[in-house]
Amino acid sequence: MLEHVHKKELEKIMDTGRISYDQPLAPYTSFGIGGPADVLVQAEREAELQALLHFCQKHAMPRFILGKGTNLLVLDKGIRGMVIHLSGILSYVEVKENTVIAGGGASLADAAAQAARAGLTGMEFAQGIPGSIGGAVIMNAGAYGGEMKDIVTRVHVLSANGQPAVYRGVEMAFGYRVSVLQGTNAIVTKVEMTLQYDDPAEIRIRTEDLQRRRWDKQPLNLPSAGSVFRRPTGFYAGALIEKAGLKGYRIGGAQVSEKHAGFIVNIGQATAADVIALICHIQKTVREQSGVLLEPEIRIVGEE
Ligand SMILES: Cc1cc2nc3c(=O)[nH]c(=O)nc-3n(C[C@H](O)[C@H](O)[C@H](O)COP(=O)(O)OP(=O)(O)OC[C@H]3O[C@@H](n4cnc5c(N)ncnc54)[C@H](O)[C@@H]3O)c2cc1C
């Protein structure tokens, strides 16, 4: 809950049309789940972002960067403090020769589509990943043998205190769904991805093939946050869950997908509490049956 005096100060940084108080976050997540943010702001420029960071520091207000909310479970009581969403110039995409330059808030799939139209190969894997560029870099998103690690050459960030910095691709310490930026509170503002030239028709064929494979295997018609668990060494989470007899298992509105057991889907009015209870049940059952502890890949944020 923001005090009146804080609201007035915030409204000097950005116009009120881009600030919302006690804003439910369910519409901002692919799960369609999530309690309210004390304040949600749409930041359009880097200078505005810096002003917001200083505001949060001054008032010791926690803050959270929301990408496209496709790897998140926001808990039912929501997020205290400020939730920042990147838009405007912070979400543009531009192609210069063989480099795609995209704002942290840009859609990864849009950037991949623009690359393909420009006859650039290397982002075919990314067209079916529904997140933002910033979220994809933080998580080192990947699919079908491709990952951000392969294409990212520069990452522009604002550090926790608003200082700009640039990381080269090799400095990002990308690994399986990890990067050096996790846990640093830095904000990805812009990313440069270097690709190779290829025949646009060939790129389109490869992309369509991957999209078809996704539609065949994944429950894309229902709200979810993608794969819930990290891939345990030597196993597939979905296969272990299926082997434990949990395909279709349901708690409240949360269900282990009948199509792909690695996904939890919201089959209507699921709460975060339903999803958490289901995650715990899956972990317990799989551990008992296979001896493997599944660790969540999705980010669980906010207050229960
Ligand atoms: C149907 C479906 C399919 C999916 N398939 C895949 C897949 O094949 N491969 C894969 O890797 N993932 C997949 N995902 C998961 C998800 O799309 C990716 O992890 C994606 O990269 C998350 O991006 P986002 O913008 O949604 O991040 P969010 O979920 O909004 O946030 C994730 C984390 O990134 C942080 N973050 C977001 N933006 C920024 C920024 N600009 N600066 C700093 N931190 C930021 C957030 O604070 C949070 O900690 C899938 C999800 C769905 C729903």
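Residues are numbered from 1 along each chain as its sequence is written. Because the model is predicted, local features need pLDDT of at least 70 and side-chain atom pairs count only at pLDDT 80 or more, while totals for chains, interfaces and linings use all residues; side-chain values use heavy atoms, with hydrogens and water left out.

We can begin with the ligand. Around the ligand are 33 residues, where a residue is near a molecule or strand if one of its heavy atoms lies within 4 Å of it. The closest are Ile-65, Gly-67, Thr-70, Ser-132 and Gly-142.

Helices (H or I, at least four residues) and strands (E, at least two) are DSSP runs, numbered from the N terminus. Strand 3 (63–66), helix 4 (133–139), strand 9 (142–143), strand 13 (187–194) and strand 15 (224–227) each give the shell at least two residues, and helix 4 provides the largest share, with five. By type, the shell holds 17 nonpolar, 12 polar and four charged residues, with Ala, Val, Leu, Ile, Met, Phe, Trp, Tyr, Cys and Pro counted as nonpolar, Asp, Glu, Lys and Arg as charged, and the others, Gly among them, as polar.

Strand 5 comes next. In strand 5 (residues 79–86), seven of the eight residues are buried, meaning under 20% relative accessible area, against over 50% for exposed and in between for partly exposed (1.4 Å probe, protein chains only). Strand 2 (residues 36–43) runs parallel to strand 5 and pairs with it over six bridges; two strands pair if DSSP finds at least two bridges between them. Within strand 5, Ile-84 stands opposite Val-41. Strand 3, which contributes to the ligand shell, is joined to strand 5 in the parallel sense by four bridges, and Leu-66 has His-85 as its bridge partner there.

A further, open sheet has four strands in the order 15-18-17-16 with antiparallel pairing. Its edges are strand 15 and strand 16 (250–251), each of which pairs on one side only. Strand 15 and strand 18 (residues 263–266) are joined by two bridges, with Ser-227 opposite Phe-263.

In helix 3 (residues 108–117), the buried residues are Leu-108, Ala-111, Ala-112, Ala-113, Ala-115 and Ala-116. Their cover includes strand 6 (93–96), strand 7 (99–103), strand 8 (120–121), helix 4 and helix 5 (200–217). At the N-terminal end, Ser-107 caps the helix through a side-chain oxygen 3.3 Å from the backbone nitrogen of Ala-109. Just after the helix, Gly-119 adopts a positive phi of about 75°.

Some single residues complete the picture. Arg-18, in the loop between helix 1 (4–13) and strand 1 (19–24), is buried at 12% relative accessible area. Its side chain makes a polar contact with the side chain of Glu-48 at 2.8 Å, and a polar atom of that Arg-18 side chain lies 2.8 Å from the backbone oxygen of Gln-42. Thr-194, in strand 13, is partly exposed at 29% relative accessibility, and its side chain makes a polar contact with that of Thr-153 (3.0 Å).

Notes: A polar contact is a pair of N or O atoms within 3.5 Å; within protein, one must be able to donate a hydrogen and the other to accept it, and residues adjacent in sequence count only if both atoms are side-chain atoms. Contact means heavy atoms within 4.5 Å.
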